[in-house]
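Take a look at the sequence and the model below. A short report follows.

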Amino acid sequence: MRHPTPTTTDETAPFWQGAGEGALVLPRCTGCGRWRWPVASACPGCGAPLHWAPASGLGTVLTFTVVHRAASDALAADVPYVVALVALDEGVRLLSNVVGCAPSEVSAGRRVRVAFEPAEHSGIMVPVFVVCEPAGPTRCAEDGATYVTYHRLEPHER
Ligand SMILES: [Zn+2]
């Protein structure tokens, strides 16, 4: 689906850089090890600094809505589309889209994995999610759309 160009800041630059490399990169506490989202200057739990680390990209649809009336003219051609709150396996939640299947195939509890689609004009890669059948990263729905294949960036690659 189409995506408006996201607003990027110095604070969120690693998130967008990771997306451009096909990885979901999120802040993780250097003290307690918990994943944190949205990014903060320090861990809200223990106060230790955060660092950016690759997440699994796997999660579960917590709740979702099917949009039939586009929020802007730019998205009009994409209705109906799914906006979902995804609970990542790392314990944080992302508001995103589930793409690559009919909205009727999306349900709460459905396993999803991250994929990436380019924003219009800027080409900045935007994380979206596709459903997994039935769970796990290797048996996901493929529809030939412009996804970048997800791969996990290991620390030595960064
Ligand atoms: Zn912490």
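Predicted model: local features only at pLDDT ≥ 70, side-chain atom pairs only at ≥ 80, totals over all residues.

In which sense do strand 3 and strand 6 pair, and over how many bridges? Strand 3, residues 58–67, runs antiparallel to strand 6, and the pairing covers 3 bridges.

The protein chain holds 1 helix and 7 strands. Read from the N terminus, the order of elements is α-β-β-β-β-β-β-β.

Strand 6 spans residues 111–118. Is this strand mostly covered or mostly open? Mostly covered: 6 of its 8 residues are buried. Across the protein chain of 158 residues, 28% count as buried.

Strand 6 also pairs with strand 7, residues 125–131. That pairing is antiparallel too, and it has 7 bridges. Within it, Val114 stands opposite Phe129 of strand 7. The table sets out both pairings.

| Pairing | Sense | Bridges |
|---|---|---|
| Strand 3 and strand 6 | antiparallel | 3 bridges |
| Strand 6 and strand 7 | antiparallel | 7 bridges |

**The turn**

What do strand 6 and strand 7 form together? They form a hairpin, with 6 residues between the two strands. His121 sits in the turn and has a positive phi of about 70 degrees.

**Contacts along the chain**

Now the chain as a whole.

Methods: Residues numbered from 1 in each chain as written. Buried ≥ 20, exposed ≤ 12 C-beta atoms within 10 Å, placed from the backbone. Helix = DSSP H or I, 4+ residues; strand = E, 2+ residues; numbered from the N terminus. Pairing = 2+ DSSP bridges.
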